[in-house]
Amino acid sequence: MDGAAGVPAELQGGRAQADRVLTAQEWLHKWETGAAAFHKEHGHPYGTAAPRPGQLHAAVMKTGLADLGHSIVGVDISEQALKEFFADQGLSYCEEPVPGIAGAKKLQVGFLEIVGKFDGVWDRGALVAVNPCDRPRYASLMISLMEKNSSYLLVTVLYDPNKHKGPPFYVPESEVKSLFGNHCEIKLLEKVSDFSERHRRWGLDYFLEVLYILKFVA
C-alpha cells in the first residue's frame, strides 16, 4: 500500500489532497445526482458500538441508535438527504427555521429539547467529507460540543490518495491524533475492507474503513 517512489501513501496523503476543496453547491449537486457515495442500505455495523443512552450527535441520523435509547441530532448540508431519510423510514416530521443561521432548517420527529453539550458522537461520512484545509476548524467545533467523559465514534477511510482525489477524503491515524489527541484518549477499534466495484472504478485497489473511539476525559 505504498505510494509513488516507494513512499508510504500515508506520508503523501496530505500533499495529494491538501488543496482539494468542494463547495456547498458541489455537495448539493452530488446529492441531487446520486453521486454522494456515502449511504449504506442496511445501516452501519459500527453503530452497535454507540455509547450509553444520552444526547447523541450523528453525522446522519440513525433509527438504530434511537432504538438503543439515544436522543439523536442528525446534521447534513443537504435537505434532500434528510427528507429522503425520513421518507425511507416512514417518519413524519415538523419543519422550522434555525435561529441565527440563514437558510438552515430543523426537521424534527417528536419532541427533542437540545440542552448543553453531547454525550456522544457518531461520525461516519462527516470528517472524511470535510475539506482537508477545514479539518482543524471542524475538530475544534466538535471538541467544543462534547461533554466530559463522553465518547466519539469516528470512522475514517484509507486508500491510496494519489489515485483518488476524494471525497471521501483519506484520513490517516496520524491526523486523527493531531486533530483530537490533546483532548481525548484515542483507540483504534477495527480496520475492515469496504472495497467495492465503485472503488475499483475510482482507480483504487483497496479501500478500508477504520473505526476509532475517542474518550473525552474530565
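Biologist: Helices here are DSSP runs of H or I with at least four residues, strands are E runs of at least two, and the numbering goes from the N terminus. With that settled, where does Pro167 lie?

Modeller: Pro167 sits in the loop between β6 and α6. Keep in mind that this is a predicted model.

Biologist: Noted. What is the peptide bond from Gly166 to Pro167, cis or trans?

Modeller: The bond from Gly166 to Pro167 is cis, and its omega is near 0°.

Biologist: And what joins Pro167 and Pro168?

Modeller: A cis peptide bond again, with omega about -5°. Pro168 is placed in the loop between β6 and α6 as well. For context, most peptide bonds are trans.

Biologist: What about phi at Asn149, positive or negative?

Modeller: Positive: Asn149 has a phi near 65°, and this is a residue other than glycine. Most residues other than glycine have a negative phi. Asn149 belongs to strand β6, and with a relative accessibility of 52% the residue counts as exposed.

Biologist: Let's zoom out. How many helices and strands are in the protein chain?

Modeller: The chain has 7 helices and 8 strands. Of its 218 residues, 41% are buried.

Biologist: Sequence range next. What share of the contacts with a separation of 6 or more comes from residues 24 or more positions apart?

Modeller: That share is 67% for the protein chain.

Biologist: On to the inside. How many residues are in the largest nonpolar core, and which have the most contacts inside it?

Modeller: It has 29 residues, and the ones with the most contacts inside it are Leu127, Tyr138, Tyr152, Leu154, Phe180, Leu214 and Phe216. Helix α5 (135-144), strand β6 (146-158), helix α6 and strand β8 (208-216) each contribute at least two residues to this core.

Biologist: Pick Leu214. Which residues does Leu214 touch, not counting those up to four places away in sequence?

Modeller: Its partners are Ser150, Ser151, Tyr152, Leu154, Phe180, Cys184, Glu185 and Ile186. There is also a second, separate core of 5 residues, with Trp122, Leu153, Val155 and Leu211 among them.

Biologist: Now Ser78. Is Ser78 buried or exposed?

Modeller: Buried, because its relative accessible area of 2% falls under the 20% cut-off. Ser78 is found in the loop between β2 (71-74) and α4 (79-89). Apart from neighbours within four places in sequence, Ser78 contacts Leu28 and Trp31.

Biologist: Change of topic: charges. How many salt bridges does a search of the whole structure find?

Modeller: The search turns up 11 salt bridges. Side chains of opposite charge can pair when their charged atoms come close.

Biologist: Which residue forms a salt bridge with Glu96?

Modeller: Lys106 does, with the closest N and O atoms 3.7 Å apart. Glu96 is in strand β3 (residues 94-97) and Lys106 is in strand β4 (residues 105-108), so the pair ties together parts that are 10 residues apart in sequence. Glu96 is partly exposed at a relative accessible area of 36%, and Lys106 is partly exposed at 30%.

Biologist: What about helices? Where do Lys177 and Glu173 lie?

Modeller: Both are in helix α6 (residues 173-180), 4 residues apart, which is about one turn of the helix. Lys177 and Glu173 form a salt bridge whose closest N and O atoms are 3.5 Å apart. Lys177 counts as partly exposed with 45% relative accessibility, and Glu173 is partly exposed with a relative accessible area of 30%.

Biologist: And how do the side chains of Glu197 and Arg200 meet?

Modeller: They meet in a salt bridge of 3.3 Å, N to O. Both residues lie in helix α7 (residues 197-201), 3 residues apart, again about one turn of the helix. Glu197 has a relative accessible area of 46% and is partly exposed; Arg200, with 49%, is partly exposed too.

Biologist: Last one. Which residues are linked in a network of salt bridges?

Modeller: Glu79, Lys83, Glu95 and Lys105 are linked that way.

Methods
Residues numbered from 1 in each chain as written. Predicted model: local features only at pLDDT ≥ 70, side-chain atom pairs only at ≥ 80, totals over all residues. Heavy atoms only, no water. Salt bridge = Lys/Arg side-chain N within 4 Å of Asp/Glu carboxyl O. Buried < 20%, exposed > 50% of the residue type's maximum accessible area, 1.4 Å probe, protein only. Core = buried A, V, L, I, M, F, W, Y, C linked by side-chain atoms within 4.5 Å. Contact = heavy atoms within 4.5 Å.
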